[in-house]
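This report describes the fold of one protein and a few of its side-chain contacts. The sequence and structure come before the details.

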Amino acid sequence: MRKLMLTSAAVFAALFATQAPAQDGTVNGAAGGAITGAIVGGPIGAAVGGIAGAAIGTAIDPPPQEVVTYVRQQPAPQPVVMERQVVVGEAIPQTVVLTPVPQHQDYAYAVVNEQRVIVDPKTYKVVQIIE
């Protein structure tokens with residue numbers, strides 16, 4: 001049974017290995033979690049491990065270094081003040097005007113609470129805070 005579960009998890013991982021890079025973290029996390037869960041806890045462990053691994057795999061990956069460098073070097077856009085702290089992984093209000101990062105359409109930036117933040121322009125989630 002254990003070999004069947006491990007083989008199934010490996011096949012699952014191989015099937016999704018060609019997915020888009022944005023999904024890599026979720027797929028790899030789910031596959032890794034399922035394999036680890038199967039080894040530790042059998043079939044139930046595989047199910048729980050797959051779910052936990054997928055959740056961990058969806059954690060926000062930092063943007064490429066060239067995006068960070070670009071955002072640091074650009075003149076600061078109009079600053080915005082929020083009453084709450086800016087946190088990576090949480091969305092900022094969609095009323096904040098974002099400045100796109102050329103050649104990297106998945107990233108934009110703004111200055112919020114005196115901090116430069118790199119944001120996913122589709123979801124307005126903070127990807128990285130530039131210190």
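## Basis and overall layout

Helices (H or I, at least four residues) and strands (E, at least two) are DSSP runs, numbered from the N terminus. From the N terminus on, the order of elements is α-α-α-β-β-β-β, giving 3 helices and 4 strands.

The model is predicted: local features need pLDDT of at least 70, side-chain atom pairs count only at pLDDT 80 or more, and totals for chains, interfaces and linings use all residues. Residues are numbered from 1 along each chain as its sequence is written, and side-chain values use heavy atoms, with hydrogens and water left out.

## Surface and contacts

The protein has an accessible surface of about 8,300 Å², and carbon and sulfur atoms make up 61% of that. Accessible areas come from the Shrake-Rupley method with a 1.4 Å probe; for residues, only the protein chains shown count as cover. Of the 131 residues, 33% are buried. Buried means under 20% relative accessible area, exposed over 50%, and partly exposed in between (1.4 Å probe, protein chains only).

Contact means heavy atoms within 4.5 Å. Among contacts with a separation of 6 or more, 55% are between residues 24 or more positions apart.

Strands S3 (residues 115-119) and S4 run antiparallel and are joined by 4 bridges; two strands pair if DSSP finds at least two bridges between them. Ile118 stands opposite Gln128 in S4. The two strands form a hairpin with 6 residues between them, and Tyr124 in the turn has a positive phi of about 65°.

Strand S4 (residues 126-130) is mostly covered, with 4 of its 5 residues buried.

## His104 and its partners

His104 lies in strand S2 (residues 104-112). His104 counts as buried because its relative accessibility is 18%. Leaving aside neighbours within four places in sequence, His104 is in contact with Pro64, Glu66 and Val67.

The side chains of His104 and Glu66 are joined by a polar contact of 2.5 Å. A polar contact is a pair of N or O atoms within 3.5 Å; within protein, one must be able to donate a hydrogen and the other to accept it, and residues adjacent in sequence count only if both atoms are side-chain atoms.

## The aromatic pair

The structure holds 1 aromatic pair. Tyr70 and Tyr109 form this pair, edge-to-face, at 6.3 Å centre to centre and with 80° between the planes. Tyr70 lies in helix H3 (residues 65-73) and Tyr109 in strand S2, so the pair ties together parts 39 residues apart in sequence. Rings of Phe, Tyr and Trp (its six-membered ring) pair if their centres lie within 6.5 Å; planes under 30 degrees apart count as stacked, over 60 as edge-to-face and the rest as tilted.

Tyr70 is partly exposed, at 25% relative accessible area, whereas Tyr109 is buried, at 3%.
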